[in-house]
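Good morning. Please look at the screen, and I will go through one protein from its overall fold down to single residues.

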Amino acid sequence: MAQQQETQIEETESIISSIFFIKIMSKRRTWVFLFISVYAILLSISWNFLKSVLSWYESTISADSSNPTISISSSGWPALYASVLLGVGFGLLSMVAALAVVLPATLVTWITILVLLTFAGKPRRDLVLEGKKLTLDITGFVIKILIKEGNVVAALCAVLAYFVLVISRNKQLQNGLDDH
C-alpha cells in the first residue's frame, strides 16, 4: 500500500515536472535566453582559442629569435601552423553556430511537411514512412550545407590569419632592424 502511494506520488511529480518543463520551453523568452547563452559560450570559446593560438605563435617566434642558428620563424612555418589551427577552429565554431540557427528552422520545415502530408489524406502508416524518409533527407541536406559553409569559413580564416601573422611579423622585423 505504501509502495503504491509512493509510486503514485512519483508519477504525479513526474507529470507536474514535465508540464512545468513544457510551459517553460514554450515561452519565447526561454528560447531567446538559450540562443544568447549558446552564442555567448561560443564567443567565449573562440576568444580563448584565439588568445591561446596567438600566445603559442608569439612564444614560438620569440624562442626562434633568441636562437639565431635555427630560424624557423623566418620561413613562416609557425604562421602557417597557427593560421591552419585558427582556420579549423573557427570553421568548427561557425558550423556549431549555424547549427544553433538551423535546428529550429529544420524542425519547423519537417513539421510543416508532415502536417501538409496529413492534410493530403495520407494514411498513418504511409505518413510514418514518409516522415522517416524526410528526416533522412533533411538531415543529409543540412549536414552537407554545414560542412560546406564550415570549410569556406575555415579556408577564409586560415588565409586571412596567415597573411595577418606574416605581415605583422615582417613589420616587427623591420622595426627591429630600424632600431639598430
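I start with a definition: helices (H or I, at least four residues) and strands (E, at least two) are DSSP runs, and they are numbered from the N terminus. This is a predicted model, in which local features need pLDDT of at least 70 and side-chain atom pairs count only at pLDDT 80 or more, while totals for chains, interfaces and linings use all residues. Residues are numbered from 1 along each chain as its sequence is written, and side-chain values use heavy atoms, with hydrogens and water left out.

Now the fold. The protein has four helices and zero strands. Read from the N terminus on, its elements run α-α-α-α. Of the 180 residues in the protein, buried ones make up 20%. Buried means under 20% relative accessible area, exposed means over 50%, and partly exposed is in between, with a 1.4 Å probe and protein chains only.

Next, the record. An unreviewed UniProt entry carries the annotation "transmembrane region" for residues 31-50, 70-93, 100-121 and 141-165. UniProt positions are given in the numbering used here, feature names are shortened, and annotations may be inferred rather than shown by experiment. In the model, residues 31-50 are 100% helix and 0% strand, and the end C-alpha atoms lie 28 Å apart. Residues 141-165 are also 100% helix and 0% strand, with 36 Å between the end C-alpha atoms.

Which residues make the nonpolar surface patch? They are Trp-56, Trp-77, Leu-80, Tyr-81, Val-84, Val-88 and Leu-92, and the patch is about 670 Å². Helix H3, residues 77-119, gives the most to this patch, with six residues. Leu-80 lies in helix H3 and counts as partly exposed because its relative accessible area is 33%.

Patches are made of residues with over 30% relative accessible area and no salt bridge; like charges are joined within 9 Å, and nonpolar side chains (Val, Leu, Ile, Met, Phe, Trp, Tyr) within 5 Å. Accessible areas come from the Shrake-Rupley method with a 1.4 Å probe, and for residues only the protein chains shown count as cover. A salt bridge is a side-chain nitrogen of Lys or Arg within 4 Å of a carboxyl oxygen of Asp or Glu.

There is also a negative surface patch, formed by Glu-6, Glu-10, Glu-11 and Glu-13. Lys and Arg count as positive and Asp and Glu as negative, with His and the chain ends not counted. The place of a charge is NZ of Lys, CZ of Arg, CG of Asp or CD of Glu. Glu-11 sits in helix H1, residues 2-25, and is partly exposed at 48% relative accessibility.

Gly-91, in helix H3, is buried because its relative accessible area is 3%. Its C-alpha atom is 9.9 Å from that of Leu-146, 55 residues apart along the chain. Tyr-39 is in helix H2, residues 28-66, and is partly exposed at 27%. Tyr-39 and Val-96 are 57 residues apart in sequence, and 9.5 Å apart from C-alpha to C-alpha. Val-142 belongs to helix H4, residues 124-179, and is buried at 16% relative accessible area. Between the C-alpha atoms of Val-142 and Thr-106, 36 residues apart along the chain, there are 8.2 Å.
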